[in-house]
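Open your viewer and get ready to click along. We will go from the whole chain to single residues, one selection at a time.

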Amino acid sequence: MVLVAIPSLRVEDFPDERAASGRWMLLGDAGGLVDPLTREGIFFALRSAQLAVDALTRRHHTDPATQYHAAIAQEIYPELQMAARLKRGFFHGPFTRLLIDALERSAPVRGLMRDLVGAISRITR
Ligand SMILES: Cc1cc2nc3c(=O)[nH]c(=O)nc-3n(C[C@H](O)[C@H](O)[C@H](O)COP(=O)(O)OP(=O)(O)OC[C@H]3O[C@@H](n4cnc5c(N)ncnc54)[C@H](O)[C@@H]3O)c2cc1C
């Protein structure tokens, strides 16, 4: 069996994290733009590409790298940081056992989990 680790940023990574500088930009997985809780990265890869194109093609007050980093820091990092914080309380034995019991017994909890996993981006905006 091949195990694939999907990288993501930790809460403590965010203050020093840079998405771009000078003549480089990090997009998608390369920039750690993966939800630490759900491991979704497709939306963030596409969105970071849009933000990079915007920074490179539109006139802004700052250079493209500064503009791109500011957009990522404003729009994407807060959501990922919140998910990283939630992750700490999520993936440990007692909570997982409790969650599985609740999922087995309760349709509303199953619905909530479906919404959480499927639409966490919308919930946290
Ligand atoms: C098993 C698995 C399941 C996943 N499921 C989901 C999911 O359900 N939903 C979701 O949102 N996300 C999911 N993800 C995460 C998602 O796939 C990534 O976050 C997303 O694809 C990141 O896009 P990207 O463009 O940054 O990187 P990638 O999609 O990895 O694209 C990078 C590309 O660069 C190429 N490359 C690498 N090095 C070089 C080089 N030196 N020269 C040229 N090309 C190179 C690679 O071959 C690759 O094609 C999953 C990831 C994995 C591993």
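**Before you click**

What you see is a predicted model: local features are described only at a pLDDT of at least 70 and side-chain atom pairs only at pLDDT 80 or more, while totals for chains, interfaces and linings use all residues. Residues are numbered from 1 along each chain as its sequence is written.

**Stop 1: the whole chain**

Show the C-alpha trace, which spans about 55 × 30 × 30 Å along its principal axes. Now switch to a cartoon and look for five helices and two strands. Starting at the N terminus, the order is β-β-α-α-α-α-α.

Next, colour residues 1-89 as domain 1 and 92-125 as domain 2; such bounds come from an automatic or database domain assignment. The centres of the two domains, taken over C-alpha atoms, are 25 Å apart.

How much of the chain is buried? Buried residues make up 22% of its 125 residues. A residue is buried if 20 or more other C-beta atoms (placed from the backbone) lie within 10 Å of its own, exposed if 12 or fewer, and partly exposed in between.

**Stop 2: helix α1**

Select residues 42-57, which form helix α1. At 1.5 Å a residue, its 16 residues should span 22 Å, and the end C-alpha atoms are 23 Å apart, so the two agree. The expected span is 1.5 Å times one less than the number of residues.

Which residues of α1 are buried? Highlight F44, S48, L51, A52 and A55. They share one side of α1 because they cover an arc of only 105 degrees around the axis, an arc being that of the directions from the helix axis to the C-beta atoms. Turn to the other side to find I42, L46, Q50, V53 and T57, which are exposed.

**Stop 3: helix α4**

Move to residues 93-105, helix α4. Its 13 residues reach 19 Å from first C-alpha to last, close to the 18 Å expected.

**Stop 4: V11**

Go back to V11, in the segment before β1 (20-21). V11 counts as partly exposed because it has 16 C-beta neighbours inside 10 Å. Leaving out residues up to four places away in sequence, V11 touches Q81, A84 and R85; a contact needs C-beta atoms, placed from the backbone, within 7 Å.

**Stop 5: R39**

Find R39 in the loop between β2 and α1. Its phi is positive, about 65 degrees, although R39 is not a glycine. Most residues other than glycine have a negative phi.

**Stop 6**

Return to helix α1 and pick A45. Beyond its neighbours within four places in sequence, A45 is in contact with L27, G28, D29 and L33.

Now show the ligand: of the 13 residues around it, G28, E40, G41, I42 and A45 come nearest. A residue is near if its C-beta atom, placed from the backbone, lies within 6 Å. The shell divides into eight nonpolar, two polar and three charged residues. Here Ala, Val, Leu, Ile, Met, Phe, Trp, Tyr, Cys and Pro count as nonpolar, Asp, Glu, Lys and Arg as charged, and the others, Gly among them, as polar.

Key: Helices (H or I, at least four residues) and strands (E, at least two) are DSSP runs, numbered from the N terminus. Two residues are in contact if their C-beta atoms, placed from the backbone, lie within 7 Å.
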